[in-house]
Amino acid sequence: MSALFNFHSFLTVVLLVICTCTFVKMQFPAILEQKTGFRGFFWKAARIGERLSPWVAAGCFAMGVSIIFF
């Protein structure tokens, strides 16, 4: 089943995108400098990961626990 139709999978994909974009921005900041266009979406995801890092970390932990046990 596609991640678009399964809410649990959709949340997993969103958390992975946020975490990956944040990591890439920290390691290679020149890649995500554009704030508009296609790269702008990833810049916004990295910004969410930077600003809400405790909540994103808690979400990743909860998602990991739910994937392992449920």
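Guide: Helices (H or I, at least four residues) and strands (E, at least two) are DSSP runs, numbered from the N terminus. Residues 52–69 are 94% helix and 0% strand, with end C-alpha atoms 26 Å apart. This is a predicted model, where local features need pLDDT of at least 70, side-chain atom pairs count only at pLDDT 80 or more, and totals for chains, interfaces and linings use all residues. Residues are numbered from 1 along each chain as its sequence is written, and side-chain values use heavy atoms, leaving out hydrogens and water.

Visitor: What should helix α1 span at 1.5 Å a residue?

Guide: The expected span is 1.5 Å times one less than the number of residues. For the 21 residues of α1 (residues 7–27) that gives 30 Å, and the end C-alpha atoms are 30 Å apart, which agrees.

Visitor: Which residues form a salt bridge with E50?

Guide: Side chains of opposite charge can pair when their charged atoms come close. A salt bridge here is a side-chain nitrogen of Lys or Arg within 4 Å of a carboxyl oxygen of Asp or Glu. K25 pairs with E50, the closest N and O atoms being 3.5 Å apart. K25 lies in helix α1 and E50 in helix α2, so this pair ties together parts 25 residues apart in sequence. R47 also pairs with E50, at 3.2 Å between the closest N and O atoms.

Visitor: Is K25 buried or exposed?

Guide: Buried means under 20% relative accessible area, exposed over 50%, and partly exposed in between (1.4 Å probe, protein chains only). K25 is buried at 14%, while E50 is partly exposed at 26%.
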